[in-house]
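Student: Please take me closely through one part of this model, its strands and how they pair, and then go on to whatever else deserves attention at the level of single residues.

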Amino acid sequence: MMKTVKERLETLRKDMKKNGQNYIFFTTADSHMSEYVGECFKEREYFSGFTGSNGNLLVGDKDAYLWTDGRYFVQAEKELAGSGITLMKMGSSGVPTLFEFLEKTLESGDVLATDGRRISVTNGLKFEDVCKKNGALFDFSYALQDSLWTKRPMQEFGNVWTLDEKYSGESTENKIAKVFSEMEKKKATDFFLSKLDDIMWLFNLRGCDIKCNPVAYSYAHFSDGKILLFLKNGAYATEISDYFRRIGIETRDYETIDDYLKKQAEHTNEKRRILLDFSANGYSIYQAFSKLGEVENFENMTGLWKAVKNETEQNNLKNIYLKDSVALTKFICYIKQNYEKERITEASAAKKIDLLRQGIPEFIDLSFPTISAYGENAAMMHYEADENEDVILERGGIYLVDSGGQYHGGTTDVTRSLILGEVSPEVKKHFTLVCIGMLRLQNARFMSGCTGRNLDILARAPLWNEAMDYKCGTGHGIGYMLNVHEGPQNISWQKRENVAEAPLVPGMLVSDEPGVYVAGSHGIRTENILLCEKYAENEDGEFLCFHPLTLVPIDLDGILPEFMTTEDRRNLNEYHSKVYEELSPYLNDEEKNWLKNVTKAV
């Protein structure tokens, strides 16, 4: 019989008492600080029952606390119910951060344990500091025993494949040369990479080790002109081994990384200067390198290079987003025309859009599990439909679908909210304000050098004017045949600790997704993906703009034109005109007539 969360925590606490541990910390990460992780790394989920992608769990000998952000407040309250775990709503008034809480709670002699491989260097140093201040011991050698998580899944490794230059647009050799050039500028002897999507981009590789993320578990070490790449033995074919040899890459088995780092410290006779991104590497790796010499916190240069899509990538993305938009538009047409004729549920609707994407020849996988949510479920930003508690789409509510695909040629992400029958004027007002904000940001013209923090107000102002807000950022970067969430660019009004603020530059992708989330009632989100481009250059400087890659109609049944300015209506009408022009050649006559009607001028 499967244990409850309470029972799991009781078993854990017995083990803590035996080992003299007062607190154990579990986070949402693997050894690469990945956002999405394999099943075997979901220790926080196992001991809390909370399934969101972001959460920190602190288990004490009597109490337990879970910190998560505004995207998950509604979901976390539901999933933590009855567990005895206190929800700490990050960013809410009066709620201390994890480290503020520890500073007030830890006592002299306490032992705080965690797995140093699963926390970032940044957080490891904070744990170290707060423990020192309070006279507590920080034990980062903790490793969860199999006896405490019975039937724990094994770490999965899939096939690794190379990316042809018709997709990458740049050779691996050229990328490697840029790395060594940057190391030379910094007078660094070593540069170590743990971030999976950075490694995949740098070596023009892709894998399938994490669901919906085409990455392979790996590490890369650049040292004294040599390159060492750690990949799982047997995960790649002979021709890839030849490819590695041809460009001067030595490979080692992924699972030998710990021994390798230990031996490095034992055999070095000189002090080294090591570049290590503290936000993207595990604390245990930092500890190993600190024995070799000076470790400098250095934001991965590969992250910025990866974020700026080259001409080949941009052209492929435009092609893929058009095909993806056609699939989603066909899906919307189906839902709007059939939800009263057929029994369509959240789960069956998700399967429908997933199948439409799978029909695109370039399809590889979904870019994240489809969010298919009706009514009050849509207020949970990252809700996932459950076939055992399936909700029927019916008249009198809003249906939200947030979905995307991984393709040969790009990664997509798009959200639309659909009005099913009659809804209240208040809901329509919310829908209209979200639409206004999304289109104002999409149509922005701005100076080169602006970050997303300069632009966030364009999307958020229509809601702020009504004393409303959404508890998340407005936009995130998008990978290219890689992770659906990618930095360093983002759009948010807040300066977040340890989160870099990167200026937007031509070639970057960013999502544009304001929303309204009313617990117990409804959720609305409208999301387009935008490509940053050059707009103009004159004596006042360089100006940038956005090109919308997403071409999907916005449901006019939710629009109240009286809340829109003349410019807002023009934004919507011009966008819909472009949607019809671009998509209509790929639709059948019935779909084309439907699209013409739903993109008419307001």
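Tutor: In this predicted model, β15, β18 and β19 form, in that order, an open sheet of 3 strands with antiparallel pairing. Helices (H or I, at least four residues) and strands (E, at least two) are DSSP runs numbered from the N terminus, and two strands pair if DSSP finds at least two bridges between them. Residues are numbered from 1 along each chain as its sequence is written. Local features need pLDDT of at least 70 and side-chain atom pairs count only at pLDDT 80 or more, while totals for chains, interfaces and linings use all residues, and side-chain values use heavy atoms, with hydrogens and water left out.

The edges of this sheet are β15 (363-366) and β19 (410-411), each of which pairs on one side only. Between β18 (residues 405-407) and β19 the antiparallel pairing runs over 2 bridges, and G410 in β19 is the bridge partner of Y407.

Another open sheet has 6 strands in the order β4-β3-β2-β1-β5-β6, and its pairing is mixed. Because β4 (85-89) and β6 (137-139) stand at the edges with a single partner strand each, one side of each is left without a neighbour in the sheet. Neighbouring strands here are turned against each other by 20 degrees on average, direction ignored; axes are lines fitted to C-alpha atoms, for helices over the stretch in contact, and angles run from 0 to 180 degrees between N-to-C directions. Within this sheet, β2 (residues 56-60) and β3 (residues 64-68) pair in the antiparallel sense over 4 bridges, with L58 opposite Y65 in β3. Helix α1 (residues 5-19) packs on the sheet and touches β1 (23-26), β2, β3 and β4 (contact means heavy atoms within 4.5 Å), its direction making about 60 degrees with that of β2.

A further antiparallel pair is made by β25 (residues 515-518) and β26 (residues 522-525), again with 4 bridges, and V518 has H522 in β26 as its bridge partner. The hairpin of these two strands has 3 residues between them, and G520 takes a positive phi near 80 degrees there.

K151, in the loop between β6 and β7 (161-162), has a positive phi of about 60 degrees although it is not a glycine. In strand β23 (residues 486-491), which contains P488, a cis peptide bond joins G487 and P488, with omega about 5 degrees. Most residues other than glycine have a negative phi, and most peptide bonds are trans.

T189 lies in the loop between α7 (172-185) and β8 (190-193). Its side chain makes a polar contact of 2.6 Å with the side chain of D190; such a contact is a pair of N or O atoms within 3.5 Å, where within protein one must be able to donate a hydrogen and the other to accept it, and residues adjacent in sequence count only if both atoms are side-chain atoms. Leaving out residues up to four places away in sequence, T189 touches M183, F222, S223, D224, R272 and R273.
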